[in-house]
Amino acid sequence: MEINLTDGNVEEHVCEDDVLRALLGGRCLGVALLSRRRILADPLEPSSPVVVSVGAMAGTGFPLANRLTMVFRSPLTGTVAWTQTGGYAAYELARLGVRALIITGAAEKLSCLLIDSKGVSLVDAEGLRGCGAMETCSRLRQAYGDCRVLSIGPAGERLVKISTVVNDMGRASGVRHGIGAIFGSKNLKAIVLKSGKHDARKPHDTLRFARLIRKLHAKMASSNLLNHEKGLFAVHGTAIAAEAIGENHALPVQNYRRTWHTAFQEVGGHMLTSTVLMTRLTCSTCPVSCRRETLGKGLRGEGPDYAQISSLGTNCMLFDLDEIAYLTQICYEHGVDPIEMGNTLAVYADLSERGYVRPKLGWGDYGAMASLVERVADKEEVGEVLAEGAFETAKSFGDADAAPSVKKISIQNADPRAEHAWGLVNAVENFGGAAHVWVYPQLVKSFQSLGVETIHDDNPDAEKLAERVYVKQTQVAVLDSLGVCAFSALAFTWQDYAEGFTSFYGTVLEDDFTTLGEKILTMERMLNTLYGFSEDSDKLPKRFVEEPIPDGKHAGEVCPLNDLMRPYVKIRRDIGFSDMLSCLSFLS
Ligand code: SF4
């Protein structure tokens, strides 16, 4: 469905099963639709499109298939970008029979896009101007009843480059790259999805699909990570990563100056479960329930996930879950990406300590951090600089090397000097250094202590490691296009996903998963080339490759990026060429 917000024109196109067979949905469909337009305008120009697309399996009943993807050119990085969000929005859009929305233009006034069984309408939202993202969601739910809402806060309205879109009161983890500013540039306060009694599509082979679902539920029940009652990950949430990564001395600490701290257990999953946790939440068709609702300093809301714990928390030397939960809520309400915000504040505290900036921010000063989040959302005083993200903040104050950023977005979750495969994937990701450890758990050596099978288990050399990182990237690209939560890969096999697609749609994919993954990565690289990026952009900040870890288990280590890049680039060049030809022929 193409929606032009400038003139209100809506065009519907039938999405044949051929498109699904070739492109699945989610990330692949979104990137293909963006590629076909080849628009070079500034990302915040109204003509720049954002594609909101449903993963192929989302809304089918396949376990953990609930991802909605937004694909656009990022105002923060200038690269192609995609954000994935779980919850129930993808399910709702799939029930409305919509595979993708291509949104261009800008509404005359601040507006909401309402999509329901009657069609598409643009509703005046001037009354919501300045409202927090969660307040917006709750007011729209009061107005429209049972619906799903993607909303922005004041930061998005003011085109803050680190603003986010909040999905249903707080599901914004991983929604980075300034998507809030993209909505803001289109005068789009929210998208409201209301399927009502719309019938969902039925499986082609009901019995076969039901048999598969039973099998997958049995796999999750026997997983020591995903079992709802006993699984380490299910019971303690993503925050369990703080324990594994902290134990292995691979944590981001003090703006990545160090990789360990004695207090790491204070922000781990066990501590979260026994302190700030109010209740466990889930996404559609997921028995795992890794999402957390917490109470932080009297504010109740979703999170923090490990991503916020390691950015607003450990990287800012804040080891108090009550305060981290509070800061996470403040970020969501203002519509600011808590991950980039945390890492930007860590840069600012680092520069403060070294005398580069005023007013100063002390390490772990959560009150001052909270007021800086507000300054960012309002683009006031120093907030105007911080609103540009960690890289621009460091550069503006005279020390660009202080930012842990790749292609202007900060690395999260783990230090590449202690986690080398993590360094490589962040250097080469097409959307910059924004990979998430729980999307790539097999790349993180620290997770061996949680029982995750990682790519390091047989001590591979640099060549094998590089090859495995490339293969994992292709697999994640496919999962993002199927719309299945990445945690499913801790229990499911590739045959399971293929069986799900075939039994539901009654057809087989045009390509095998590896080829499709390679096509997705190639299309993204082609877009990045158009946007002015080259292989030279695939690098890590100096600190990770030149400054050894000062102390702890990995003292003296740097990330051997050059050793890993050589074989990686060779693989990518060899495969990428034939892919590029097939992508070009498809896109034409
Ligand atoms: S595992 Fe967690 S993030 Fe994934 S679908 Fe389930 S609740 Fe959502």
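Both faces of strand S3 are covered, with Val50, Val52 and Val54 on one side and Val51 and Ser53 on the other, all of them buried; a residue counts as buried if 20 or more other C-beta atoms, placed from the backbone, lie within 10 Å of its own, as exposed if 12 or fewer do, and as partly exposed in between. The model is a predicted one, in which local features need pLDDT of at least 70 and side-chain atom pairs count only at pLDDT 80 or more, whereas totals for chains, interfaces and linings use all residues. Residues are numbered from 1 along each chain as its sequence is written. Because 5 of the 5 residues of S3 are buried, this strand is largely enclosed by the rest of the structure. Strands (E, at least two residues) and helices (H or I, at least four residues) are DSSP runs, numbered from the N terminus.

S3 (residues 50-54) pairs with S6 in the antiparallel sense over 4 bridges, where two strands are taken to pair if DSSP finds at least two bridges between them. Within this pairing, valine 50 has isoleucine 103 of S6 as its bridge partner, and valine 51 has isoleucine 102 of S6. S3 also pairs with strand S4 (residues 68-73), again in the antiparallel sense and over 4 bridges, and here the bridge partner of valine 52 is methionine 70 in S4.

Strand S6 (residues 100-104) is likewise mostly covered, as 5 of its 5 residues are buried. Ala100, Ile102 and Thr104 point one way from S6, while Leu101 and Ile103 point the other way, and all are buried. With strand S1 (residues 2-4), S6 pairs in the parallel sense over 3 bridges, and glutamate 2 stands opposite isoleucine 102 in S6.

A further set of strands forms an open sheet of 5 strands, in the order S8-S7-S11-S9-S10 and with mixed pairing. Strand S8 (119-124) and strand S10 (166-167) stand at its edges, each with a single partner strand, so one side of each is left without a neighbour in the sheet. Strand S7 (residues 111-116) and strand S11 (residues 188-194) pair in the parallel sense over 6 bridges, and leucine 113 has isoleucine 191 in S11 as its bridge partner.

Taken as a whole, the chain has 22 helices and 16 strands. Its C-alpha trace spans about 60 × 55 × 50 Å along the principal axes. With 588 residues, a compact globule would have a radius of gyration near 25 Å, and the 22 Å of the chain agrees with this; the radius of gyration is taken over C-alpha atoms, and the globule rule is 2.2 Å times the number of residues to the power 0.38. Of the 588 residues, 59% count as buried. Among contacts between residues at least 6 apart in sequence, 72% join residues at least 24 apart, a contact being defined by C-beta atoms, placed from the backbone, that lie within 7 Å.

The domain assignment of the chain gives domain 1 (2-194) and domain 2 (228-413), with bounds that come from an automatic or database domain assignment. The centres of the two domains, taken over C-alpha atoms, are separated by 25 Å. Across the boundary, 38 residues of domain 1 are in contact with 29 residues of domain 2. On the side of domain 1 that touches domain 2, the elements that give two or more residues are helix H4 (133-144) and helix H5 (154-157), and H5 gives the most, with 3 residues. The residues of this side of domain 1 divide into 18 nonpolar, 16 polar and 4 charged, where Ala, Val, Leu, Ile, Met, Phe, Trp, Tyr, Cys and Pro count as nonpolar, Asp, Glu, Lys and Arg as charged, and the others, Gly among them, as polar.

The ligand is surrounded by Leu64, Asn66, Gly86, Thr282, Cys283, Cys286, Val288, Ser289, Cys290, Arg291, Cys485 and Phe487, a residue being near a molecule if its C-beta atom, placed from the backbone, lies within 6 Å of it. The residues of this shell divide into 7 nonpolar, 4 polar and 1 charged, and the shell draws at least three residues from each of domain 1 (2-194) and domain 2 (228-413).

Helix H11 (residues 306-313) has 8 of its 8 residues buried, so this helix is largely enclosed by the rest of the structure. Its buried residues pack against helix H9 (240-247), helix H12 (321-334) and helix H13 (338-353).

Terms used:
Contact = placed C-beta atoms within 7 Å.
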